[in-house]
Amino acid sequence: MRTIEATINEKGIVHLAEPVSIPTLRRALVTILDEDPAVHPNETALLTEAAVAEGWNRSEEDAAWAPLQQAR
């Protein structure tokens, strides 16, 4: 899984911030933030980074995801 920053215009067209190369068709999840990217460019990601890291950087999380890592 990867997270790619994107913007969505008023017509619903998604513009990825970087090129993406995938081998086959993939599903994606889109989260629409209630903010103008021109006003707060990346601020949300910076503010949540520590909180997300605290939850994910634990041995319990490593153990829970280990079977999926082995499947690669």
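The accessible surface of the chain comes to about 7,100 Å², and 56% of that area belongs to carbon and sulfur atoms. Accessible areas here follow the Shrake-Rupley method with a 1.4 Å probe, and for residues only the protein chains shown count as cover. Of the 72 residues of the chain, 0% count as buried, where buried means under 20% relative accessible area, exposed over 50%, and partly exposed in between (1.4 Å probe, protein chains only).

This is a predicted model, in which local features need pLDDT of at least 70 and side-chain atom pairs count only at pLDDT 80 or more, while totals for chains, interfaces and linings use all residues. Residues are numbered from 1 along each chain as its sequence is written, and side-chain values use heavy atoms, with hydrogens and water left out.

The chain has two helices and two strands, which run β-β-α-α from the N terminus on. Helices (H or I, at least four residues) and strands (E, at least two) are DSSP runs, numbered from the N terminus. The predictor's confidence in each residue is given as pLDDT, from 0 to 100. The chain averages a pLDDT of 81, and 83% of the residues score at least 70. Confidence is highest in strand β2 (residues 14-16), at 91, and lowest in α1, at a mean of 72. Where pLDDT is low, the predicted coordinates should not be read in detail.

Ile-8 is found in strand β1 (residues 6-8). Because its relative accessibility is 38%, Ile-8 counts as partly exposed. Together with Val-14, Leu-16, Val-20, Ile-22, Val-30 and Ile-32, Ile-8 makes a nonpolar surface patch of about 620 Å². Patches are made of residues with over 30% relative accessible area and no salt bridge; like charges are joined within 9 Å, and nonpolar side chains (Val, Leu, Ile, Met, Phe, Trp, Tyr) within 5 Å.

Trp-56 lies in helix α1 (residues 43-56). With a relative accessible area of 44%, Trp-56 is partly exposed. Leaving aside neighbours within four places in sequence, Trp-56 is in contact (heavy atoms within 4.5 Å) with Glu-61 and Trp-65.

Glu-61 also takes part in a salt bridge with Arg-58 (3.9 Å, N to O). A salt bridge is a side-chain nitrogen of Lys or Arg within 4 Å of a carboxyl oxygen of Asp or Glu. The side chain of Arg-58 meets that of Glu-60 in a salt bridge as well (3.7 Å, N to O). Shared partners join Arg-58, Glu-60 and Glu-61 into one network of salt bridges.
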